[in-house]
Amino acid sequence: MATQETPKHDALVAELKNRFGAKILDVDRSYDDCTLIVDKAGIHDVLAFLKNEHRFDLLLDIAGVDCMNLPKFRERFEVVYMLYSIGDDVRVRLEVPISELDLDVPTATDLWKSANWAEREAFEMFGFNFVGHPCLKRLLTHHEFVGHPLRKDYPIMGGQWCATTSDMTEELNEPR
Amino acid sequence: MGVRNSGYLVGIETKNETGLITTRLDEIVRWGRKNSLWPLPFGTACCAIEFMGVVSSKFDISRFGAELVRFSPRQSDMILVAGTINYKLAPVLKKIYDQIAEPKYVISMGACACSGGFYDNYATVQGIDQIIPVDVFIPGCPPRPEAILHAVMKLQERIDKEPVPKRGVHRRHEVVEKFRDS
Amino acid sequence: MANKIDIKEFVPSEAPPRYSARDFDGDVDPKRDDFDEGLTLPDINTTPMFINIGPTHPATHGTFRVYAQLDGETVEKAGVDVGYLHRGFEKIVEIKQYNQIIPYTDRLNYCSGLTNNVAFCKAVERMMGIEVPPRTIAIRVIIMEIQRIMDHMICCGTNIVDIGALTNFWYFYNARDKLNDVLEALTGARLTYTYTRVGGLAWDLPDGWRENVKAAIKEIPSAIKDVRGLVAKNRIFQDRTRGVGQISGENAINFGWTGPCLRASGVDLDLRKVRPYYGYEDLEFDIPIGSNGDVYDRIIVRIEEMHESLKIIHQMIDRVPDGPINVDDKRVTLPPKQKVHTSMEALINHFKLVIDGVQPPPGRIYDATETPNGELGFYIISDGSGHPYRIKVRPPCFYTMNALKFLVEGGMVADIVAILGGLNVIAGELDR
């Protein structure tokens with residue numbers, strides 16, 4: 001997109017590396033974007049730092065990735081956070097490798113409320129367990145669905161019939 | 001409606017030379033049914049926008065008597081499934097279909113409702129005829145409004161051919177099966 | 001002779017006094033002791049009622065379900081159930097080529113299909129490092145702005161219908177049909193256009209198309225004026241929409257809102273101004289910003305955006321440069337048929353492009369476009385083959401719907417309908 005962002009990205013990367021050191025595993029600057037690969041242990045601190053100190057007030061999206069069929073990957077899964085700062089006009093992407101043996105991820109709902117449904121969808125599509133989420137339930141597939149559809153080992157034709165309509169007491173009692 | 005063998009006075013009409021029109025009860029009932037099909041638009045996706053176009057004044061569906069869209073299954077006699085039905089919505093569709101009173105007709109509009117469309121994957125039912133019996137299929141993605149009008153006309157032709165069931169027979173489709181080849 | 005019956009025996013000595021109409025002078029005070037034998041209104045035993053709005057309901061535009069716990073007319077708690085149109089977009093694109101994905105993107109926000117096509121092609125072109133020719137850019141801008149008008153017409157029309165004013169829907173719909181005729185002449189389809197390709201467009205403009213567009217957009221301002229005249233100063237409309245579904249700017253940003261709903265809350269964020277693409281920096285147009293963030297502001301912001309889109313179309317329609325419409329790059333564009341029939345390299349190029357498809361280099365990209373609903377983003381991961389490895393769509397109405405629970409609780413049942421219409425939730429995009 002805009003290359004006037006590049007000096008802002010440079011400053012941001014330098015500051016994050018300074019502060020978090022080993023937690024920032026890698027930096028990717030292709031296509032004029034700024035992508036940081038962050039270790040799972042430090043992701044919540046990095047997110048809180050970006051939100052509070054650098055005014056990244058808009059969490060655009062949380063995506064899950066199953067890297068099983070890529071030629072080169074760190075861990076099987078990844079969670080990708082896309083952040084935008086309206087005041088400074090800076091975009092940043094954080095990618096967190098998650099091993100399939102330990103799918104617990106700290107939730108971002110205490111920082112941004114937009115993480116609520118985004119994490120629910122990442123949970124239902126890949127199986128991440130967002131620790132601390134107020135209501136981690138299926139969102140897009142029906143309540144009798146078993147499995148996580150977007151994983152690479154889920155068959156594309158694996159349709160599952162649903163015979164009943166769902167009860168919504170949990171969503172009803174979720175805090176605002 | 002009217003006397004089928006035109007020009008000749010039959011039966012009770014021979015008594016009255018001024019031409020009292022008689023007809024069978026079936027034909028009056030069929031005439032009433034086909035010219036006042038109140039649709040229940042079960043619109044989910046893009047086809048629902050095309051259905052809204054049919055209801056608007058440019059392609060008028062009220063010429064066929066189908067103007068009053070009633071979203072309640074108790075007040076309508078035709079369900080027009082417009083859009084993709086996925087496994088989450090399938091029990092809802094079946095429930096709504098069961099709640100419509102006989103005689104009921106189903107029009108399946110669009111490629112997704114007829115056969116799953118090009119969403120051949122884990123989420124989409126491959127055709128609503130796996131769940132409910134369908135009278136008219138409309139292909140297209142989305143079908144043109146004229147195609148929907150054509151389908152309503154085809155449904156009217158179909159209603160013309162079916163016998164009105166006698167009292168005690170509840171399932172229209174059983175009757176249709178019985179008379180299928182006649 | 002009948003016994004004389006003294007009627008006083010039948011009248012209880014302490015009958016409640018009968019009120020006549022003259023005694024009432026406004027509201028009945030619920031704390032009046034003699035109103036109902038000592039009961040006050042809060043003592044009356046009510047149980048909460050649970051109702052289901054949707055998934056098939058005339059006022060929800062798209063299939064989703066709102067499950068509400070009501071106390072009388074007030075919504076105490078609400079829960080939102082989506083996914084009734086989940087079609088597995090992100091799974092099925094993993095087995096398709098990039099040009100085959102374009103029809104799937106059409107059906108995301110089906111009220112403005114061309115904008116999604118352009119957004120997707122823009123992302124893939126950026127990934128491949130391709131610059132489309134200036135004629136393509138101009139045509140893409142014009143069709144995106146026409147779609148913006150059409151989408152806002154549907155949104156405002158259906159929103160106002162739900163509040164109760166049916167005529168406006170027909171005014172907007174007829175005007176929208178004229179624009180739809182113009183796009184049908186261009187692309188051949190009425191709703192799902194699939195007109196762009198990676199590297200350009202499917203085919204060039206037909207003759208006289210620009211005059212058709214000019215004739216069609218002459219009729220739009222009068223339709224907008226009719227609708228605006230009917231509702232903007234109408235007392236009932238104002239009562240139903242002012243102060244309803246109010247959300248402040250910071251809350252909206254926290255919920256991840258973008259697009260006209262965010263601009264109605266006072267935040268100045270429009271990707272066409274902040275990160276201009278396709279020559280928007282040279283065009284003169286304004287961004288309407290609301291002040292209260294309620295339903296009224298959302299409708300008026302959309303109506304004003306229609307005027308701004310008309311301005312853009314007027315500026316661009318005479319400035320479409322001549323030239324090719326597909327970029328001259330053999331990684332994406334099919335070679336012309338004469339060369340395919342005569343030259344071996346062109347034949348092999350054609351074959352590879354059809355069988356293997358467009359192949360972006362391995363990498364990841366996130367690209368966003370300002371659609372009529374907000375920011376539509378595509379996060380594409382490519383592994384170098386003709387099929388994308390992963391595409392994640394960032395739908396704008398997913399995040400506006402996320403906040404519905406927040407907006408609706410505490411209000412009345414009839415307000416749910418008004419708020420839902422203003423958020424412009426398109427189920428195709430919400431559920432993908």
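This is a predicted model: local features need pLDDT of at least 70, side-chain atom pairs count only at pLDDT 80 or more; totals for chains, interfaces and linings use all residues.
Student: What area is buried between chain C and chain A?
Tutor: The size of an interface is often given as the accessible area lost when the parts come together. Here carbon and sulfur atoms give 56% of that area. The total for chain C and chain A is about 5100 Å².

Student: Which residues of chain C lose the most area to chain A?
Tutor: Look for three residues in chain C. Together they make up 17% of what that side buries. They are C:Arg275, C:Arg364 and C:Tyr389.

Student: Which residue of chain A meets C:Arg275 in a salt bridge?
Tutor: Side chains of opposite charge can pair when their charged atoms come close. There are eight salt bridges between chain C and chain A. In the one made by C:Arg275, N to O is 3.1 Å, and the partner is A:Asp89.

Student: How many residue pairs are in polar contact across the interface of chain C and chain A?
Tutor: This count takes pairs with both residues at pLDDT 80 or more. The answer is 25 residue pairs.

Student: What area do chain B and chain C bury between them?
Tutor: This contact takes 32 residues from chain B and 34 residues from chain C. Carbon and sulfur atoms hold 62% of the buried area. The total is about 2900 Å².

Student: Which residue of chain B forms a salt bridge with C:Glu184?
Tutor: Five salt bridges are counted between chain B and chain C. In the bridge of C:Glu184, the closest N and O atoms are 2.4 Å apart. The partner is B:Arg144.

Student: Which element gives the most to the side of chain B that touches chain C?
Tutor: Three elements of chain B give two or more residues to this side: β1 (39–43), α2 (46–55) and α3 (90–99). The top contributor gives six residues, and it is α2(B).

Student: At what angle do helix α2 and helix α3 of chain C pack?
Tutor: Helix α2 covers residues 98–106 and helix α3 covers residues 113–128. Residues that meet include C:Tyr98 and C:Ile101 in α2(C), with C:Phe120 and C:Val124 among those in α3(C). The axes are 8 Å apart, and the angle is about 150°.

Student: Which hand does the crossing of α2(C) and α3(C) have?
Tutor: Their contact has seven nonpolar, four polar and one charged residues. As α2(C) passes α3(C), the crossing is right-handed.

Student: Where is B:Pro103, which a cis peptide bond joins to B:Glu102?
Tutor: Most residues other than glycine have a negative phi, and most peptide bonds are trans. The bond between B:Glu102 and B:Pro103 is cis, with omega about -10°. B:Pro103 sits in the loop between α3 and β3 (105–109) of chain B.

Student: Which residue does a cis peptide bond join to B:Cys141?
Tutor: Here omega is about -10°. The residue lies in the loop between β4 (136–138) and α5 (145–161) of chain B. It is B:Pro142.

Student: What is the phi of A:Asp32?
Tutor: A:Asp32 is in the loop between β1 (24–28) and β2 (35–38) of chain A. This residue is not a glycine, yet its phi is positive. The value is about 60°.

Student: How many residues apart are A:Arg76 and A:Asp66?
Tutor: These two side chains meet in a salt bridge, 3.1 Å from N to O. A:Asp66 is in strand β3 of chain A, and A:Arg76 is in the loop between β3 (58–66) and β4 (77–85). The pair links distant parts of the chain, ten residues apart.

Technical notes. Residues are numbered from 1 along each chain as its sequence is written. Chains are lettered from A and ligands numbered from 1 in the order in which they are written. Side-chain values use heavy atoms; hydrogens and water are left out. Contact means heavy atoms within 4.5 Å. Buried area is the accessible area (1.4 Å probe) that two parts lose on being put together, summed over both. A salt bridge is a side-chain nitrogen of Lys or Arg within 4 Å of a carboxyl oxygen of Asp or Glu. Helices (H or I, at least four residues) and strands (E, at least two) are DSSP runs, numbered from the N terminus. Axes are lines fitted to C-alpha atoms, for helices over the stretch in contact, and angles run from 0 to 180 degrees between N-to-C directions. A crossing is left-handed if the near helix is turned anticlockwise from the far one by less than a right angle, and right-handed if clockwise. Ala, Val, Leu, Ile, Met, Phe, Trp, Tyr, Cys and Pro count as nonpolar, Asp, Glu, Lys and Arg as charged, and the others, Gly among them, as polar. A polar contact is a pair of N or O atoms within 3.5 Å; within protein, one must be able to donate a hydrogen and the other to accept it, and residues adjacent in sequence count only if both atoms are side-chain atoms.
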